[in-house]
Amino acid sequence: DDEKPARHCGLTEEEQGRLKVREQDQWIWKRRLERYQPMVQSVFNGKTYWMNARKLRKPGDKKNDLNWRPESVIFSGGDYQAKGEAVTPGVLSGCSISVPGAPSDDPYALPTTQEGRRLGLAKWIASPNNPLSMRSYVNRIWQYHFGRGIVKTANNFGVKGDRPSHPELLDYLTAKFVEDGMSTKALHRMILLSDVYKRDARTPDPEKRDLVDPSNKLLSSFPVRRLSAEEIRDVMLLVTGELNFSMGGLPVMPEINREVALEPRMIQFSLAPAYQASPKPETRNRRSIYAYRVRGQADPFMEIMNKPGPNESCALRDDAAVSPQAFTLLNSDVMSDRSIAMAIRLRGDHSNLSDQISSGFEWILGRSPSEEEASRLSEYVREMIKHHQSISPDSVSYPTEITRSLVEEFSGKPFEYTEWLPNFENYVPDAKAADVDPPTRALADLCLILFNTNEFMYVD
């Protein structure tokens with residue numbers, strides 16, 4: 001009898017499905033555990049071997065063939081199976097910068113050996129004599145400060161890209177950058193101390209500006225820039241006193257929208273583990289640059305504030321204002337938690353409402369409130385205290401397990417299984433509305449208003 005034996009003899013369809021899920025979980029957590037082991041990753045020069053993607057380490061039984069040479073060809077019609085003319089590695093000849101050690105008959109050629117090709121290209125790109133890479137880098141720094149590069153198309157310096165608005169300035173900044181030993185800090189300092197950076201966002205003659213330079217291409221006034229998604233989160237954590245300034249280490253898991261965190265997400269024919277925030281505030285409240293990013297699961301707060309996706313190059317952040325942003329900034333758990341944390345800090349520093357409002361303005365907006373603002377907001381907080389005294393917010397709990405539904409791959413039968421959420425077993429949550437008294441909740445409403453002002457959200 002040549003028939004295959006039955007899979008998982010004695011197990012029901014539901015038990016077979018659960019077994020597969022547990023095996024997948026075991027692999028995922030073993031892979032994550034590897035991140036804590038000492039590891040050095042490098043470029044492997046040699047033949048392309050099939051490597052099990054589940055292992056991060058180079059297979060030990062493969063020896064490098066020193067006589068092997070990589071082959072590169074032009075594929076006809078873009079078909080990887082239709083090999084055409086063979087080509088050798090080289091750099092862009094249009095920059096007129098030769099490769100050190102290249103043959104005289106082909107000064108732009110890179111080595112064809114196993115080693116030295118990537119290093120040769122890297123040295124050519126980072127060469128102080130390379131006009132393209134140096135100008136591109138300087139243009140990016142300028143774009144960061146002014147929201148628009150001297151060349152608007154930061155990813156395209158070619159003929160189809162934008163022409164520089166100030167070509168002499170770009171040449172000067174590039175030459176100065178190279179002269180200073182390619183010091184990014186020196187370049188930042190020069191830009192920040194310049195007259196153009198110190199200009200007010202309000203032009204003294206708006207009618208003339210609208211006539212001569214309506215798009216402010218010539219920078220007669222400082223262009224207003226909205227904070228990026230990461231800056232908004234980091235600045236709120238900073239003013240509330242929650243930001244952890246520690247540097248380096250493994251990525252952290254900030255709190256994200258609960259529904260998105262626990263929603264089912266497919267990964268390799270199974271369900272991926274639910275997103276679980278780091279259990280301690282001092283861990284999850286680190287700078288956004290250390291936040292772990294899941295390619296198929298975006299942070300809703302970051303996404304709505306125009307953080308670009310990880311699957312494509314982003315030359316310039318989109319700062320378009322759309323209505324969902326207003327709903328997020330007023331109603332999301334992220335904003336509520338930061339507002340409550342800010343209120344707790346203000347009440348801990350001051351017992352007087354007037355001082356709390358003044359301190360809130362100084363921390364969030366960097367200035368003191370006017371008499372009218374202080375008077376109106378004091379009245380607002382007193383009204384909100386009365387409102388909060390009449391309501392009792394629901395407490396927030398974190399689930400330690402969740403039931404999932406899935407369809408078994410081979411039988412097509414549905415089954416359920418329990419996913420454990422260990423991070424929530426000893427979770428230390430941020431303060432919620434139910435955890436604080438009415439005066440704190442009322443002051444948090446004031447902080448939420450300040451966080452939503454253009455004065456906080458924009459740099460001018």
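Hi everyone. Let's start with a handedness: helices H13 and H15 cross in a right-handed sense. Before I go on, please keep in mind that this is a predicted model.

So who is touching whom in that pair? On the H13 side we have Leu353, Gln356, Ile357, Gly360, Phe361 and Ile364, and they meet Leu443, Leu446, Cys447, Leu450 and Phe451 from H15. Sorted by class, this contact holds 9 nonpolar residues and 2 polar ones, with no charged residues.

Now the geometry. Two packed helices are described by the angle between their axes and the distance between the axes. H13 covers residues 353-364 and H15 covers residues 438-451; their axes lie 11 Å apart, at an angle of about 30°. Angles under 35 degrees count as roughly parallel, so H13 is roughly parallel to H15.

On to my other pair, H7 and H12. Here H7 is residues 229-240 and H12 is residues 333-349, and the axes come within 8 Å, crossing at roughly 25°. H7 and H12 are therefore roughly parallel to each other too. Which hand does the crossing of H7 and H12 have? H7 passes H12 in a left-handed crossing.

If you'd like to find this contact on your screens, look in H7 for Met236, Leu237, Leu238, Val239 and Thr240, and in H12 for Val334, Met335, Arg338, Ala341, Met342 and Arg345. By class, the contact of H7 with H12 comes to 8 nonpolar, 1 polar and 2 charged residues.

To wrap up the handedness: right-handed for H13 with H15, left-handed for H7 with H12.

Terms used
Residues are numbered from 1 along each chain as its sequence is written. This is a predicted model: local features need pLDDT of at least 70, side-chain atom pairs count only at pLDDT 80 or more; totals for chains, interfaces and linings use all residues. Side-chain values use heavy atoms; hydrogens and water are left out. Axes are lines fitted to C-alpha atoms, for helices over the stretch in contact, and angles run from 0 to 180 degrees between N-to-C directions. Helices (H or I, at least four residues) and strands (E, at least two) are DSSP runs, numbered from the N terminus. Angles under 35 degrees count as roughly parallel, over 145 as roughly antiparallel, 65 to 115 as roughly perpendicular and the rest as oblique. A crossing is left-handed if the near helix is turned anticlockwise from the far one by less than a right angle, and right-handed if clockwise. Contact means heavy atoms within 4.5 Å. Ala, Val, Leu, Ile, Met, Phe, Trp, Tyr, Cys and Pro count as nonpolar, Asp, Glu, Lys and Arg as charged, and the others, Gly among them, as polar.
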